[in-house]
Amino acid sequence: MSHSLLKAVQLRVGYQHKALGGAIDLALHEGEVLALLGPNGSGKTTLFRTLLGLLKPVSGTVYLLDKALNTYSRRQIAQLAAYVPQAQIGSFDFTVEEMVIMGRYAAIGRFSQPSNKDRHIALACLRQLGIEQLANASYMRISGGQRQLVLIARALTQNAKILVLDEPTASLDFANQILVLDSICQLRAQGMAILLCTHQPEHALQVADRVALYNHGEIQTQGKAQDMLTVENLAQLYGLTSMQIKAHFKVQTKVDG
């Protein structure tokens, strides 16, 4: 197994010193995709915010590159772990290039002016994802999948080793889902460590090396994607019957039972 970049040890997450669930042990390694699956309200966002240092753990420790997360500044964390939210249209009509350059603030400071070097980095990240031609386009006028790729490009400008993706294919049509999933696979091949949450088990099966099934603020089980995404596991996780799961996944591999 490759080197662990992000690790949670006996981590309990929650609010106001009240834990949502039991202790979590989790590790994200270089060059892998780890997918978190769980129903709405299971605490996935709380876990992500804790892993990124935006919330304090109730107990336990998060390690980033083998150092306790609480020893880093916010700027240092942003330089190592980039967060990619769900794509939103937004209220300001920035160009795609301007949106991507915003990712450089972790390196240059929020009130500094981007240099030519920063612009070159932004264009290189757009090129890496195959959307350089959108540089001068309005972020508000491109497709949902393209907006998601722009947010990923913005994260890449941070030169982070880790990408944390919040439901990267949510609300996207089929073609745009493929664009985003293909890009995730390309980034993994380049050695990035990617943690994502999704409501689509078939997407996790397509891109993830490992899957963690998460509910009530704790991990129920985790392991290789093909071993985790079974009818029985998904039925238990989402409170459905095996027949309901099988009826939904008629042409999936392991998920088909």
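Figure 1. Just after H7, Gly191 adopts a positive phi of about 100°. The model shown here is predicted; local features need pLDDT of at least 70, side-chain atom pairs count only at pLDDT 80 or more, and totals for chains, interfaces and linings use all residues. Residues are numbered from 1 along each chain as its sequence is written, and side-chain values use heavy atoms, with hydrogens and water left out. Helices (H or I, at least four residues) and strands (E, at least two) are DSSP runs, numbered from the N terminus. Helix H7 comprises residues 174-189, 16 residues in total, and reaches 23 Å from its first C-alpha to its last, close to the 22 Å expected at 1.5 Å a residue; the expected span is 1.5 Å times one less than the number of residues. Asn176, Gln177, Val180, Leu181, Ser183, Ile184, Leu187 and Arg188 of H7 are buried. They cover an arc of only 155° around the axis, which puts them on the same side of H7; the arc is that of the directions from the helix axis to the C-beta atoms. Phe174, Ala175 and Ala189 are exposed on the other side of H7. Buried means under 20% relative accessible area, exposed over 50%, and partly exposed in between (1.4 Å probe, protein chains only). An α-helix has 3.6 residues a turn, so residues three or four places apart point the same way.

Figure 2. Ser183 lies in helix H7 and is buried, with a relative accessible area of 3%. Not counting residues up to four places away in sequence, Ser183 touches Leu129 and Leu149; contact means heavy atoms within 4.5 Å.

**Figure 3. The packing of H6 against H7.** Two packed helices are described by the angle between their axes and the distance between the axes. H6 and H7 pack at an angle of about 20°, with their axes 8 Å apart. Axes are lines fitted to C-alpha atoms, for helices over the stretch in contact, and angles run from 0 to 180 degrees between N-to-C directions. H6 and H7 are therefore roughly parallel to each other; angles under 35 degrees count as roughly parallel, over 145 as roughly antiparallel, 65 to 115 as roughly perpendicular and the rest as oblique. The crossing of H6 and H7 is right-handed, a crossing being left-handed if the near helix is turned anticlockwise from the far one by less than a right angle, and right-handed if clockwise. Gly144, Gly145, Gln146, Gln148, Leu149, Ile152 and Leu156 of H6 meet Asn176, Leu179, Val180, Ser183 and Leu187 of H7.

**Figure 4. Helix H5 and its cover.** H5 has 13 residues and reaches 18 Å from its first C-alpha to its last, close to the 18 Å expected at 1.5 Å a residue. Its buried residues are Asp118, Ile121, Ala122, Cys125 and Leu126. They cover an arc of only 140° around the axis, which puts them on the same side of H5. Asn116, Lys117 and His120 are exposed on the other side of H5. Helix H3 (96-101), helix H4 (105-108) and H6 are among the elements that cover the buried residues of H5.

Figure 5. In H10, the buried residues are Val231, Asn233, Leu234, Ala235 and Leu237. Their cover includes S5, H8, strand S11 (210-215), S12, H9 and helix H11 (242-248). Just after H10, Gly239 takes a positive phi of about 70°. Thr230, in the loop between helix H9 (225-228) and helix H10 (231-238), is buried, with a relative accessible area of 13%. Gly223 belongs to strand S12 (residues 218-224) and is buried, at a relative accessible area of 17%. Leaving aside neighbours within four places in sequence, Gly223 is in contact with Arg210, Val211 and Met228.

**Figure 6. Two loop residues with positive phi.** Most residues other than glycine have a negative phi. Phi of Asp66 is near 70°, a positive value in a residue other than glycine; Asp66 lies in the loop between strand S6 (59-64) and strand S7 (67-68). Glu167, also not a glycine, has a positive phi of about 45°. Glu167 is found in the loop between S9 and H7 and counts as buried, at 16% relative accessibility.
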